[in-house]
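User: I would like to learn how to read the features of a model like this one. Please take me through them in turn.

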Amino acid sequence: MVGRGGAGKSTTSFACSGRGLRLLGDDYCIVDPTTPVPTVHATYVLGMLDDNSLSMLPHLRSAVIADAPKGKRVLALDALDDTLSAPVVAACTVVRAPGETTRLVPVSRMSVLRGLAPSTQVQIPGLAEETFAATSAVVRRITTYELRVGDLQ
């Protein structure tokens with residue numbers, strides 16, 4: 001998932017964990033584009049949620065291991081699932097859509113690549129071209145969506 005800060009990426013990811021989807025990282029993962037199906041690998045097995053998100057997902061309270069700045073809590077991802085690698089089958093951009101019902105809509109691969117490229121390219125200084133090529137190769141092989149996060153009920 002990719003999107004602006006506060007869009008709901010972490011909350012959505014944690015909400016999906018334990019419901020047939022695996023959460024391998026909150027901020028960073030490593031994707032291997034050379035495997036027959038792109039494969040994501042966990043790097044840090046930690047994630048963060050604020051108290052509002054935890055109130056919506058009370059089953060995650062047992063994974064909280066520490067307090068973090070800005071009213072967030074650190075969660076141990078391996079307390080939820082001990083999976084360290086998984087196939088990448090989809091990617092999505094997450095956007096706030098006040099007044100709308102939350103929904104997942106198919107979007108072009110280019111739309112998702114525009115969201116992924118800037119953040120992935122700056123993570124490895126000096127390898128921007130190679131990183132963009134690898135990111136593009138992965139995005140060409142997966143399904144892409146936009147998650148429009150509407151009002152909570």
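Predicted model: local features only at pLDDT ≥ 70, side-chain atom pairs only at ≥ 80, totals over all residues.

User: How many helices and strands are in the protein chain?

Analyst: Helices (H or I, at least four residues) and strands (E, at least two) are DSSP runs, numbered from the N terminus. The protein chain has four helices and nine strands. Their order from the N terminus is α-β-β-β-α-β-β-β-β-β-α-α-β. The radius of gyration, taken over C-alpha atoms, is 16 Å, close to the 15 Å of the globule rule (2.2 Å times the number of residues to the power 0.38) for 153 residues, so the protein chain is as compact as a globular protein of that length.

User: What share of the contacts joins residues 24 or more positions apart?

Analyst: Contact means heavy atoms within 4.5 Å. Among contacts in the protein chain with a separation of 6 or more, 66% are between residues 24 or more positions apart.

User: Which residues form the largest nonpolar core?

Analyst: In soluble globular proteins, nonpolar side chains tend to be buried together. Buried means under 20% relative accessible area, exposed over 50%, partly exposed in between (1.4 Å probe, protein chains only). A nonpolar core is a set of buried Ala, Val, Leu, Ile, Met, Phe, Trp, Tyr and Cys residues joined through side-chain atoms within 4.5 Å. The largest has nine residues: Phe 14, Leu 23, Leu 49, Leu 54, Leu 57, Leu 60, Ala 63, Leu 75 and Leu 77. A second, separate core has eight residues, including Val 40, Ala 86, Ala 91 and Val 138. Across the protein chain, 33% of the 153 residues count as buried.

User: Where is Lys 70, and is it buried or exposed?

Analyst: Most residues other than glycine have a negative phi. Lys 70 has a positive phi, near 60 degrees. Lys 70 sits in the loop between β4 (64–68) and β5 (72–76). Its relative accessibility is 82%, so Lys 70 counts as exposed.

User: Which residues is Ser 10 in contact with, leaving aside neighbours within four places in sequence?

Analyst: They are Asp 26, Met 48 and Leu 49. Ser 10 belongs to helix α1 (residues 9–16). With a relative accessible area of 22%, Ser 10 is partly exposed.

Key:
Residues numbered from 1 in each chain as written. Heavy atoms only, no water.
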